[in-house]
Amino acid sequence: MTSRRDEIAIIGAGLAGCLAACFLARRGYPVALYERRSDPRTGTTERGRSINLALSERGLDALRRIGLADQVMTDALPMRGRMIHPVEGEQQFQSYSAAGDRAINSISRGALNNALLDEAAALPGVRIVFDHRLVGLDPIDGTLSFETPQGPVAAKASVVLGADGAGSAVRGQLLAYGLLDESVDFLDYGYKELTIPALGGDFALDPDALHIWPRGTSMMIALPNPDRSFTCTLFWPNEGSGSFAALDSPAAIEEHFTQHYPDVIPLAPNLVDDYQHNPVGVLGTVRCTPWQVYGKVGLLGDAAHAIVPFYGQGANCAFEDVVELDRCLDECADDWLGALPLFQQRRQENAEAIATMALTNFVEMRDKVASPVFQLRRKVEHA
Ligand code: FAD
């Protein structure tokens with residue numbers, strides 16, 4: 001049985017990995033947190049991948065448990081409802097709650113990750129090892145192989161947690177050993193970021209809302225940032241006339257936005273440059289089972305259950321995973337052979353539910369929110 005003196009290896013120092021390191025260190029485990037990237041606190045973010053998240057109560061609950069919620073919330077912007085932007089006419093505000101007192105919080109994924117890295121690094125027993133890309137794993141004895149700038153590195157751990165995101169190498173290794181089944185359903189849509197900068201030092205749009213431009217088969221959303229800019233995300237089909245590739249010149253981009261997103265044109269001076277140079281990201285749903293083998297290797301966060309972003313719950317769900325794993329370790333007296341299967345038993349059904357809801361919510365956001373029937377129903381519900 002793994003004792004609290006045995007080192008736990010966590011692969012991936014993203015949101016789930018850093019939070020898991022904090023929880024496990026607090027339980028008294030030595031933790032090695034391996035990350036393929038260089039330290040993001042000293043570098044710059046990749047262009048067009050700034051991603052601001054809607055952090056909700058589920059995620060905040062996890063952060064409160066390690067005393068980080070207040071600090072994180074100082075940089076968060078509460079969004080109390082959706083602001084719908086029709087092609088023509090007035091914007092319409094749809095409150096998230098009848099009393100208007102409930103909000104989800106816009107927060108930079110990078111800033112949240114950095115805060116979690118600082119928190120993990122400050123805990124005794126946590127080693128964070130950057131520039132280590134996991135390329136091999138023996139699920140029986142916990143031997144790990146990494147590619148690093150200095151060449152191959154080997155390590156060993158009593159328990160290995162894969163928190164290495166949607167394209168998880170840990171999951172890939174379990175698959176290669178024939179120990180896991182997976183399905184990865186890519187959406188026929190991609191995403192691209194644009195920026196609406198601050199206007200005269202202030203927000204160019206209402207900062208209290210998540211802005212949506214529903215356009216039937218596609219949409220754009222915008223979330224506020226602390227520097228008073230907005231990060232916009234286009235969710236467009238991968239193929240056909242409304243796809244990213246279809247707009248292949250500055251004139252075509254400007255014409256398309258003038259026709260479909262006319263109020264954005266004066267607010268986004270770098271529209272064409274952003275559009276032409278920011279990458280198109282892929283979106284998909286990962287399902288796999290089991291989430292653990294031999295009580296020795298486990299998966300959590302996107303590595304176990306990546307979802308499309310339309311319910312704003314991927315990171316919140318990853319945080320909830322960590323809280324539940326901690327609870328399972330409590331209940332199993334730190335016997336990982338009991339705790340990891342219990343964790344899967346409790347979380348898998350919930351992960352499947354939110355995966356389905358996230359797909360359904362794409363239709364609601366890009367289409368239904370604009371319908372007069374939908375708006376009338378909300379008025380009645382909130383009356
Ligand atoms: P990740 O954040 O992907 O972290 C994985 C880490 O593992 C990374 O640091 C990566 O570099 C590292 N890694 C990968 N492979 C290896 C390897 N081989 N070796 C070592 N390290 C490795 N969620 C919300 O809750 N609310 C939202 O509003 C929201 N909006 C989103 C909008 C968009 C456009 C997208 C794409 C996602 C959004 N999400 C949202 C989802 C959220 O970003 C993810 O669910 C969350 O980041 C998952 O955390 P994670 O730690 O499991 O994985």
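**Notes on the predicted model**

1. I begin with a strand pairing: Val160 stands opposite Val297 in strand E19, and please keep in mind throughout that this is a predicted model. Strand E12 (residues 159-162) and E19 (residues 297-299) pair in the parallel sense over three bridges. E12 also has strand E1 (residues 8-11) as a parallel partner, joined to E12 by four bridges, with Ile8 standing opposite Val159.

2. Which way do the residues of E12 point? Val159 and Leu161 point one way from the strand, whereas Val160 and Gly162 point the other way, and all are buried. In a regular strand the side chains alternate between the two faces of the sheet.

3. The ligand is surrounded by 34 residues, of which the closest are Gly12, Gly14, Gly165, Gly301 and Gly314. The elements that give two or more residues to this shell are helices H1 (15-26), H8 (302-305) and H9 (314-331), together with strands E3 (52-55) and E9 (133-138). H9 gives the most, with four residues, and by class the shell has 16 nonpolar, eleven polar and seven charged residues.

4. The UniProt record, an unreviewed entry, carries the annotation "domain: FAD-binding" for residues 7-330. In the model the end C-alpha atoms of residues 7-330 lie 18 Å apart, and the span is 27% helix and 32% strand.

5. E9, which gives residues to the shell around the ligand, is joined by five bridges to strand E10 (residues 143-148), and these two strands run antiparallel. Asp138 stands opposite Thr143 in E10. The hairpin of E9 and E10 has four residues between the strands, and in this hairpin Gly142 takes a positive phi near 75 degrees.

6. The largest nonpolar core has 110 residues, and those with the most contacts inside it are Leu19, Ala20, Ala21 and Leu300. H1 supplies the largest share of this core, ten residues. Not counting residues up to four places away in sequence, Leu19 touches Ala62, Leu116, Phe319 and Val322. In soluble globular proteins, nonpolar side chains tend to be buried together.

7. Leu33 and Ala21 are twelve residues apart in sequence and 7.1 Å apart in space, C-alpha to C-alpha. Leaving aside neighbours within four places in sequence, the contacts of Leu33 include Ile10, Ala13, Gly17, Cys18 and Ala21, as well as Ala120, Val126 and Ile128.

8. Finally, some backbone details deserve a look. Most residues other than glycine have a negative phi, and most peptide bonds are trans. The peptide bond from Thr289 to Pro290 is cis, with omega near -5 degrees, and Pro290 is found in the loop between strand E17 (281-289) and strand E18 (292-293).

9. Two residues other than glycine take a positive phi: Arg228, with a value near 70 degrees, and Asp334, with a value near 65 degrees. Arg228 is found in the loop between strand E15 (219-224) and strand E16 (230-237), and this residue counts as partly exposed because 17 other C-beta atoms lie within 10 Å. Asp334 lies in the loop between H9 and helix H10 (336-366), and Asp334 is likewise partly exposed, with 17 C-beta neighbours inside 10 Å.

Technical notes. Residues numbered from 1 in each chain as written. Predicted model: local features only at pLDDT ≥ 70, side-chain atom pairs only at ≥ 80, totals over all residues. Near = placed C-beta within 6 Å. Nonpolar A, V, L, I, M, F, W, Y, C, P; charged D, E, K, R; others polar. UniProt positions renumbered as here; feature names shortened; annotations may be inferred. Pairing = 2+ DSSP bridges. Core = buried A, V, L, I, M, F, W, Y, C linked by C-beta atoms within 7 Å. Buried ≥ 20, exposed ≤ 12 C-beta atoms within 10 Å, placed from the backbone. Contact = placed C-beta atoms within 7 Å.
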